Amino acid sequence: MGTPNDQAVLQAIFNPDTPFGDVAGLDLGEETEEQIDGDGIFPQEQLEQSKNLELQGVMAAEAGDLSTALERFGQAICLLPERASAYNNRAQARRLQGDVAGALEDLERAVALSGGRGRAARQGFVQRGLLARLQGRDDDARRDFERAARLGSPFAQRQLVLLNPYAALCNRMLAEMMGQLRGTSNGR
């Protein structure tokens, strides 16, 4: 399915809110991403077909063709319904299409299938946290970002800082101070 760099580029394009640090194969220690995400349990031929369908779905979504993307992700899910990755990808496409309820349903399934471990869980928690934040459910968002951060997501760690009211207050005060300093230096 491409090199880790290719996967990083696709991840950045398809999930622009997710940093490169949340890419497969990074900082996994002794276990490989395949072992953690359970891909090794699937028949190799079906796994390759599923990954290919997901890649087609990602490329369709990048091109703005969400209906084709959803179709490809659905086909990948039909092929391997116990594999979490396609649910995460379909959730992203559903969210882009405005189907938040469908996206949340897919994310719940992805998190459950992943057992709360590996890249699929990390991505599921981040996406679910973002949706919760957009809906004003900051406590739910915080819980999901904490889970994703424990799984190694730097993006989730930054979101936790942003959700911290003390950090927000400090950032606001710092911005005001910097604005005042700029104002005095410009007024000379």
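Biologist: Hi! Which residues does Asn-88 touch, not counting those up to four places away in sequence?

Modeller: Asn-88 touches Leu-107, Ala-110, Ala-120, Gln-123, Gly-124 and Gln-127, where contact means heavy atoms within 4.5 Å. This is a predicted model, where local features need pLDDT of at least 70, side-chain atom pairs count only at pLDDT 80 or more, and totals for chains, interfaces and linings use all residues. Residues are numbered from 1 along each chain as its sequence is written, and side-chain values use heavy atoms, with hydrogens and water left out.

Biologist: Is Asn-88 buried or exposed?

Modeller: Asn-88 counts as buried, at 1% relative accessibility; buried means under 20% relative accessible area, with a 1.4 Å probe and protein chains only.

Biologist: And where is Asn-88 found?

Modeller: In helix 5, residues 85-97. Helices here are DSSP runs (H or I, at least four residues), numbered from the N terminus.

Biologist: New topic: which residues make up the largest nonpolar core?

Modeller: There are twelve, including Val-111, Phe-125, Phe-145, Phe-155 and Leu-163. A nonpolar core is a set of buried Ala, Val, Leu, Ile, Met, Phe, Trp, Tyr and Cys residues joined through side-chain atoms within 4.5 Å.

Biologist: Which elements give two or more residues to this core?

Modeller: Helix 7 (118-134), helix 8 (138-150) and helix 9 (154-163).

Biologist: What does Phe-125 touch, not counting residues up to four places away in sequence?

Modeller: Val-111, Gly-116, Asp-144, Arg-147, Ala-148 and Leu-151.

Technical notes. Buried means under 20% relative accessible area, exposed over 50%, partly exposed in between (1.4 Å probe, protein chains only).
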